[in-house]
Amino acid sequence: MATLTRRRVFGLAAAGTAGLAVSTATTSSAQAVAGSGSDYVAHDQNLHLLRRATFGLTPAAVSSIQRSGRRAWLERQLDPASIDDSECTRLIRSRFPRVSWTIPMARDGIEPFSWDLMSDLSKATIARAVWSKRQLFEVMCEFWSNHLNVTNPSDAVWDNRHDYDRTVIRRHALGRFEDMLIASATHPSMLLYLNNAESTKDNPNENYGRELLELHSVSVDGGYDEQDMRNSTLLMTGFGINWTAGTFAYTAREHYRGRVSVMGFSDPNPDADGYQVGIRYLKYLANHPSTAKHLAHKLCLRFVSDEPDAALERRLARIYLDNGTAIKPVLRALFLSDQFTASLGQKTRRPFEDLTATLRVLGYGPDKQGADGIQALVWIADGLGQQPLAWSPPDGYPDAAPSWKSAGGTLSRWNTHLSLAAHWWPDSLTQPPLRSLLPRRLPKTHGDLVDVLAKRLVFRKLMPRHRAAVLAFLERSASDPLATGDAAVGWRLPYVVALILDSPYFWVR
Amino acid sequence: MTTTCGCPDYARSEISRRAFLGRLGAVGALAGLTGAGLSTQMAFAATPYTGDVLVVLSLRGGFDGLNTIVPTTDPRYRESRPTINVPQNALLPLDSMFGLHPAMAPLKPFWDAGTFGAVQAVGMSNPTRSHFEAMEEMERAAPGSSIRTGWLDRTLGLRDLGSAFQAVQMGSSMASAAFRGPSPELAMWSIDDFKLSGAWNVTERNRWTTALGSLHDRAPSTVGDPAGTALSALAAASQMQDAGYTPNATYPATDLGAALRDVARVIKADVGLQVAAVDYGDWDMHTDLGTVDSGWLHDKLDELASSMAAFATDLGAKLGDVTIVTLTEFGRSLVENGSGGVDHGHGQAVLLLGGGVRGGQVHGTWPTLEDGALEGGDLAGTTDYRQILAEILEKRCEGSQMSTVFPGLTSDRIGVVNARP
């Protein structure tokens, strides 16, 4: 009831639209009347699942989930090998063959400290997000890349970051977290990024030992103290690099010997070869209840709500531990939970998801040859503030909406929508004619046109006041007939498409 | 200069050097990213900010303070740089110890007027000679803690939220890591570029802003707040665009000149600017630094000094409400290398310009260039750069709670600015 009253007040205050740009911005009452995200999305659970579990809706994805049903769609996505993704695989193989190189191949194949391979990885990551049919898998790769962040590009990992992506993140993205954590702890990317490669018994560097606890496993309130953190560091000494080959090497002479205790883990650690102690420690961390809670929280934050439900987190944490840190059962339970069902419209698209969703809904394809257009997408994502894999601190891109409330970022999103709708830039990507967003037989009136466009772009009709705003933008009334020569389906079509993408209907996830 | 850096933490790749240095400053501190609590951003602040506009000019790549604020009477200076030192007779005398590189001449009148000064031998704890790590650490400015925000963000977070233009990164779409965190800032290439690309005239602009305003009316705050702020910033920017700008000085026709010109423009437009950040990169002079009359360093200093001088002249009396401070991630090596350049060093020189600056002097403690006084072979840092920033914030920018902005910083201050009247 309170909402109604406040809305009425706002309606009076902001009657007429002429001065609205300023009034929404200058009155704090705009905040007081904020609506709910669920008002802006179709109340359709198929679409809800697609918005959360993919990089953006396409008509094909919508008809696929409608045909098979949510459960079957989810099971297929949880078994990515069952999905024919040959087109995307071929694209990556032909345009970015180097991302499957081993580390020694990279060191032979490119100049030392060249960013070429890291640049390929950025491009391949965007291409997969937009064009892979294994969408949930790619979404999870993005999730884990941030959870176990190694900034790409960054100088220290010039020869191995692509291998980290392939052998740590992609290999285990839907596998067991224990395996992924061990893979990260034994990969030169992580060991260089967080300085464990230079951490020795005599000169311990605490960067990795701390983040392993704080970010990768039990989290900052997971129950450890500074003594635990120092022991964590000492325990991991020896996990290093073969500097000649650039590959992982256990360096026994740098390993600290003697009893180590971290939280409930303890080991006499008597041998120079502490590799097995380290592995036992990593398994202990991966299976720790605090890690389960931490991961459940982050998955809920990613897929359910900015304010996750504690009961759901507890349930997912239990499933994680009961299944030996396997990720699939947790995701299955999450997407089939009541809390997920009830979370319609509670998340928002971050800039990268906005970009991928725009490309997907407009039917963009890769460059016919080369990758100039895909490179441009990396720059666009960078300008929007979320180039994939590029977050600089070790904690990964933030997930919740408040971190992304930027005016400059908003303007960049709006301008990107128009640039893509109008096919201004990147012009080397392929895009079907914008008219193909419309049925062959044109809608009868301008009102119908707005409805058809909204259904196609945001998969629902707009609320009457928003429909009216789009019609006012077109300087037409709803009943004005629509003819082939009208601006709305001619030169102004990209503008009205962009305008609909600029609206909260598209921003809400 | 197109010479690429020979140091291992630089990359030779299809990514241009320029883009790389740009990225270094920006990695992570992202245009799209600000933070929580914007709901009252556009409301009038309970206590309006009335301190100086702080302009942070980041000289990215490692600025050579030794050849700029030159320790001309330190015997080790010329000995260490036999071919690239600035000769005594070319220097503009500053005091008994230091002389100014002649390419800095445009700023000499401000030195003489007492509004331009410098601090020599400035350092940071945990010195690193990696560009990336040093910038990250410098802009985080919280050594020994796990704080992940930047110092400008924490500074703004202690104030009431101001206008959409309270904090601006000018000349880049990416905000400095010093802004990383919840307080909002605007990053823009220029005032004239900050516009809706579909709005090519006033009619179209009104069409767009009206429609966008209506579409975000009663939107969830997660969407409505940034949209409202964006529309408000667009309105302010379009007023500035419509008014045009004729500066009272001639700026160099360079990116730096354009960025500082726009900062002056925003200051004069009186739209609530509190902090501006500008990047000026390409200082990583490992090879062919040049001579006193020409070459890489000469040209950079000339552009720097001309731009800063134009900015100060353009502001006129308003310079009294502005403090500019330069920062760089590290100074250069004392000893020149075999390529006529200087490698990554430690102690740096900080330049200060503004009405409140105690100018006309080189502040700080000169540690000398004797062997025992060096830090890893290079000029040591005797003043923590955070002491300078803290003093500016305290005396000029209504700053308090320095333990929040700069955790662990001692209360030592060296007197680089006068308190605001």
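What we have here is a predicted model, and chain A averages a pLDDT of 92, with 94% of the residues scoring at least 70. The stretch I would ask you to read with care is residues 1–32 of chain A, over which pLDDT stays under 50, although the model has 34 contacts beyond four places in sequence for those residues.

Turning to the cysteines, the count of disulfides over all chains comes to zero. Cys141(A), for instance, is in no disulfide, and the nearest cysteine sulfur, which belongs to Cys88(A), is 11 Å away. Cys141(A) counts as buried because its relative accessibility is 4%, under the 20% cut-off, and Cys397(B), at 0% relative accessibility, counts as buried too.

Now to chain B, and is Gly376(B) buried or exposed? Gly376(B) is exposed, since its relative accessible area is 67% and the cut-off is over 50%. Gly376(B) sits in the loop that runs between strand E11 (362–363) and strand E12 (383–384) of chain B, and its C-alpha atom is separated by 8.2 Å from that of Gly345(B), a residue 31 residues apart from it along the chain.

Finally, the sheet: in chain B, three strands in the order E2-E4-E3 form an open sheet with antiparallel pairing, whose edge strands, E2 (69–71) and E3 (92–93), each pair on one side only. Between E3(B) and strand E4 (residues 98–100) of chain B, the antiparallel pairing extends over two bridges, and Pro93(B) stands opposite Gly99(B) in E4(B).

Technical notes
Residues are numbered from 1 along each chain as its sequence is written. Chains are lettered from A and ligands numbered from 1 in the order in which they are written. This is a predicted model: local features need pLDDT of at least 70, side-chain atom pairs count only at pLDDT 80 or more; totals for chains, interfaces and linings use all residues. Side-chain values use heavy atoms; hydrogens and water are left out. pLDDT is the predictor's confidence in each residue, from 0 to 100. Contact means heavy atoms within 4.5 Å. A disulfide is a pair of cysteine sulfur atoms within 2.5 Å. Buried means under 20% relative accessible area, exposed over 50%, partly exposed in between (1.4 Å probe, protein chains only). Helices (H or I, at least four residues) and strands (E, at least two) are DSSP runs, numbered from the N terminus. Two strands pair if DSSP finds at least two bridges between them.
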